[in-house]
Amino acid sequence: MTFPDIVTLAVPLFILSILAELAAWKATGRGRYETRDAAASLLMGLGNQIAPLLGAKVLLAALWTSVYQFRLFDIPNTWWAVLVCFVVDDFRYYWLHRIAHERRLFWATHVVHHSSQHYNLTTALRQTWTGGLLNGALFTTPLVFIGFHPAMIVFAFGINLVYQFWIHTEMIDKMPRWFEWLFNTPSHHRVHHATNPRYLDANYAGVFMIWDRMFGSFVPEDEAEKPRYGIIKNLGSFNPFVIAFNEWINLGKDLLSARSVKDVIGYTLGPPGWSPDGSRLTSARLKERWAKAQADKALAPAE
Amino acid sequence: MTTGLLIELGLSLAGVAVIVAATYFLGAWRTARVTPEAAAERFGFDEPDFEARGWMIGKDAKAAVALSRDGAEIGLVFVLGDDFATRRLKRSAMRLERDADALLFLLNEPSRRAVRVVAPDAAAAEQWFLRLRGEGV
């Protein structure tokens with residue numbers, strides 16, 4: 001059984017879909033496009049294809065080939081094994097994605113994907129240039145150790161990535177109820193990309209929404225509160241190199257200012273926004289601030 | 001690097017060029033303008049507990065600045081494409097320069113070195129410069 005490079009094969013589909021969404025935007029006024037933002041997203045996507053060639057791909061292949069020699073089970077390369085691998089890999093993706101939002105070392109890589117204030121199909125391609133080696137080594141290696149062939153895992157994750165492309169759109173409101181329950185959809189993923197406090201740190205799923213429902217991170221889209229996309233402190237540039245390395249530079253500056261091992265651990269493994277004196281805002285504190293404002297608003301007429 | 005890979009990258013680059021050109025010709029190259037309403041709305045979303053004492057909107061509508069009601073912080077709103085970004089700075093740590101009619105807030109961030117707010121005239125620039133430095137009304 002051979003496994004094609006599904007992401008590369010999907011590139012023409014990506015391009016045609018974006019052009020179709022652009023035409024729909026122009027025709028209906030639904031959604032939002034901005035040229036420089038779209039160009040930045042697409043160049044990030046192109047860089048994401050090139051970056052692994054600088055060494056990470058070879059190193060991961062070597063690591064996985066070595067680990068595969070010591071696998072726990074001999075899982076055959078069959079269609080049912082691919083299905084199991086796909087589900088297990090989606091579970092892996094959920095936790096990688098969740099940790100990427102909750103721990104700054106991993107956020108420094110993933111923030112790139114959230115750095116656009118727009119939400120359209122080009123946003124799907126705004127991907128990191130860094131972190132592939134760390135994420136692959138830490139989160140994918142266990143699957144290899146279980147006994148899934150590395151090529152099968154790469155194929156399964158490729159399908160996962162291609163699936164996630166179409167959910168980056170404002171053109172689709174809601175899918176049928178059963179589909180919304182089981183799968184990640186444009187509605188669920190809009191919530192994930194939103195900076196509205198009530199939507200922060202939610203909906204980490206890749207394909208199956210059940211992980212969020214199981215682990216308490218599911219938040220439905222509220223029609224009364226339209227998502228506003230981006231990050232808490234939006235970037236001031238469309239430069240792809242700035243987008244790729246901004247958070248790494250900020251993390252580096254913070255580490256240079258650290259006065260103790262506790263500070264170093266807090267800056268790297270604490271949540272984004274952590275600071276020794278608590279002067280910055282983490283997601284949890286942003287949510288608290290929002291909840292307090294809501295409570296004050298509710299009490300206001302009675303005063 | 002194999003020929004096949006080069007072809008793939010070349011095709012991807014061509015796809016990027018086609019899409020970017022399409023967005024441009026469909027009118028997606030848009031630049032937002034900062035207005036008092038836009039500045040207040042955007043800052044209100046990003047920093048809901050910041051009470052502005054009134055905004056000075058840049059003459060070129062590219063940025064705006066406000067002092068907080070207690071005078072301890074300043075709020076900045078600046079244009080990024082068809083949208084805005086904001087910054088909330090402690091006045092004590094703010095680095096401010098005056099450049100003719102403009103106020104230059106030095107952020108020294110990787111994504112933005114400075115935000116330039118062009119005052120309506122020299123008198124307004126002077127007044128805001130002193131006010132932000134705590135030397136005026």
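The model is predicted.

Start in chain A with helix α10, which spans residues 186-193. Six of its eight residues are buried, so the helix is largely enclosed by the rest of the structure. A residue counts as buried here if 20 or more other C-beta atoms lie within 10 Å of its own. Which residues of α10(A) are buried? They are H188(A), H189(A), R190(A), V191(A), H192(A) and H193(A). These buried residues pack against α5 of chain A, residues 104-114.

Now turn to chain B. It is divided into two parts: domain 1 covers 1-30, and domain 2 covers 36-132. The centres of domain 1 and domain 2 of chain B, taken over C-alpha atoms, are separated by 37 Å.

Next comes the sheet of chain B. It is open, has three strands in the order β5-β6-β7, and pairs them antiparallel. Strands β5 (96-99) and β7 (114-118) of chain B stand at the edges. Each has a single partner strand, so one side of each is left without a neighbour in the sheet. On average, neighbouring strands of this sheet are turned by 25° against each other, direction ignored.

Look at one pairing in detail. Strand β6 of chain B, residues 102-106, joins β7(B) in the antiparallel sense over five bridges.

Helix α3 of chain B, residues 122-132, lies across β5 and β6 of chain B. Helix α3(B) runs at about 30° to β6(B).

Terms used: Residues numbered from 1 in each chain as written. Chains lettered and ligands numbered in written order. Predicted model: local features only at pLDDT ≥ 70, side-chain atom pairs only at ≥ 80, totals over all residues. Buried ≥ 20, exposed ≤ 12 C-beta atoms within 10 Å, placed from the backbone. Helix = DSSP H or I, 4+ residues; strand = E, 2+ residues; numbered from the N terminus. Contact = placed C-beta atoms within 7 Å. Pairing = 2+ DSSP bridges. Axes fitted to C-alpha atoms, helices over the stretch in contact; angles between N-to-C directions. Domains from an automatic or database assignment.
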